Amino acid sequence: MSGSVISGWGSALPEKVVTNAEFEARLDTSDAWIVERTGIRERRFGGTTSSLAIEAGAAAIEKAGLEPGQIDLLVLSTTTPDKTVPATSSTVHAQLGCSGAAFDLNAACAGYVYALVTADAMLSAGPGFRRALVIGSDTLSTITDMEDRSTAVLFADGAGAVVLEHREEAEPLVLASDLGLDGSLLPILYCEHGGYMKMEGREVFRRAVRATVESADKVLRAAGVSPDEIALFVPHQANLRIIDAMVQRLGLAPERSAIVLDTTGNTSSASVPLALTAAADAGRLAPGDLILFSGFGAGMTWASAVVRWGA
Ligand code: ACO
């Protein structure tokens, strides 16, 4: 028996808080509409993808009681890299002082669950890698048209990270996972180079609920876990109504959801680790607890995983 444990976690949010009132003042929208239709009350704008990633990554390494040089695998999930070349993970790797390999992964807002599953598989594959830093960092405010009320109120910036450590005596971290994509749905959510996010919100909503419920149901069955055995549900933080629909259809306990979107908005790759980190900091997780992760995003991608909390 061998597996990985989550031994540290951390997050980073820009200082600048942008409330719904600020959009109300200059766009044809209202605080009441945004809260009722999305659950978002405020969000943070600022920083760069690498600066937020470095802050979250450093906090996760410190929490794990490690030195950056002990990290031998860095996976950075992002849709908003600082540059086209090189990967933003190379900046993060250099500034943190990590060892070994690093790469960016882009599976849009399902990216963090893709990254977690990928890093765990690489740690499990053999002696090559022992300690992974898995970061989700995005600065969606840089690719959002702030004059478009249908997207401006949704997207924001942030980063979250965990450290995975491979241990001979540990049980497997990921009990079951499902990573999927329907590339024919590209037109409902995309952003050209140098452009802004274009989204058919209602269609994304409908497809997201269907895909995430099917995917989560699949991993619960594969893991042999019933919904009431899930201690914490950590969904992508896009819209509270999507999360509520998932909770209801999957038969999960509503009070076991990790929710931060009221204060963060939709931070893409950062949303799942921000929600996980907030729950862990609030003492909502105990060793052995089962977590259901869920994500969906442009592509259209989706991802689910049942994970054992071992910290
Ligand atoms: N304020 C006021 N009215 C608005 C706003 C706004 N900010 N935005 C849209 N509206 C209007 C629309 O123009 C529309 O008006 P109309 O009926 O006159 O045409 C009306 O509100 C209803 O629009 P809908 O799109 O049907 O509103 P809906 O309840 O579906 O909410 C929303 C829109 C919030 C975008 C929702 O569809 C949603 O969250 N979809 C999923 C989006 C998502 O998850 N995206 C991210 C996926 S991946 C990633 O994270 C990058």
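**Domain contact and local geometry in the predicted model**

Ala-108 is found in the loop between S5 and H5. The model examined here is a predicted one, and in it Ala-108 has a positive phi of about 50 degrees although the residue is not a glycine. Most residues other than glycine have a negative phi. With a relative accessibility of 7%, Ala-108 falls under the 20% limit and therefore counts as buried.

A second residue of this kind is Ser-268, which is not a glycine either and has a positive phi near 55 degrees. Ser-268 is found in the loop between helix H9 (261-264) and helix H10 (271-281). Its relative accessibility is 1%, so Ser-268 also counts as buried.

Two peptide bonds were examined for their geometry. Most peptide bonds are trans. The bond from Val-85 to Pro-86, however, is cis, with omega near 0 degrees. Pro-86 has its place in the loop between strand S4 (73-77) and helix H4 (88-96). Gly-299 and Met-300 are likewise joined by a cis peptide bond, for which omega is about 5 degrees. The position of Met-300 is in the loop between strand S12 (290-297) and strand S13 (301-308).

Asp-104 was considered next. This residue lies in strand S5, which covers residues 101-105. Its relative accessible area is 24%; because this value lies between the limits of 20% and 50%, Asp-104 is classed as partly exposed. When neighbours within four places in sequence are left aside, Asp-104 is in contact with Leu-76, Thr-78, Pro-81, Ala-87, Thr-88 and Ser-89. Two of these residues are partners of the Asp-104 side chain through polar atoms. A polar atom of that side chain lies 3.0 Å from the backbone nitrogen of Thr-88. The side chain of Ser-89 makes a polar contact with the side chain of Asp-104 at 2.8 Å.

At the level of the whole chain, the domain assignment gives domain 1 (3-167) and domain 2 (174-308). The C-alpha centres of the two domains lie 15 Å apart. Contact between them involves 47 residues of domain 1 and 44 residues of domain 2. Together the domains bury about 3,500 Å² between them, and 67% of this area is on carbon and sulfur atoms. On the domain 1 side, the residues that lose the most area to domain 2 are Cys-109, Val-113 and Tyr-114, which together account for 17% of what that side buries.

Several elements of domain 1 each supply at least two residues to the side that touches domain 2. The strands are S1 (3-12), S3 (42-45), S6 (131-139) and S7 (157-167); the helices are H2 (31-38), H5 (111-124) and H6 (149-152). By class, this side of domain 1 has 22 nonpolar, 14 polar and 11 charged residues.

Technical notes: Residues are numbered from 1 along each chain as its sequence is written. This is a predicted model: local features need pLDDT of at least 70, side-chain atom pairs count only at pLDDT 80 or more; totals for chains, interfaces and linings use all residues. Side-chain values use heavy atoms; hydrogens and water are left out. Domain bounds come from an automatic or database domain assignment. Contact means heavy atoms within 4.5 Å. Buried area is the accessible area (1.4 Å probe) that two parts lose on being put together, summed over both. Helices (H or I, at least four residues) and strands (E, at least two) are DSSP runs, numbered from the N terminus. Ala, Val, Leu, Ile, Met, Phe, Trp, Tyr, Cys and Pro count as nonpolar, Asp, Glu, Lys and Arg as charged, and the others, Gly among them, as polar. Buried means under 20% relative accessible area, exposed over 50%, partly exposed in between (1.4 Å probe, protein chains only). A polar contact is a pair of N or O atoms within 3.5 Å; within protein, one must be able to donate a hydrogen and the other to accept it, and residues adjacent in sequence count only if both atoms are side-chain atoms.
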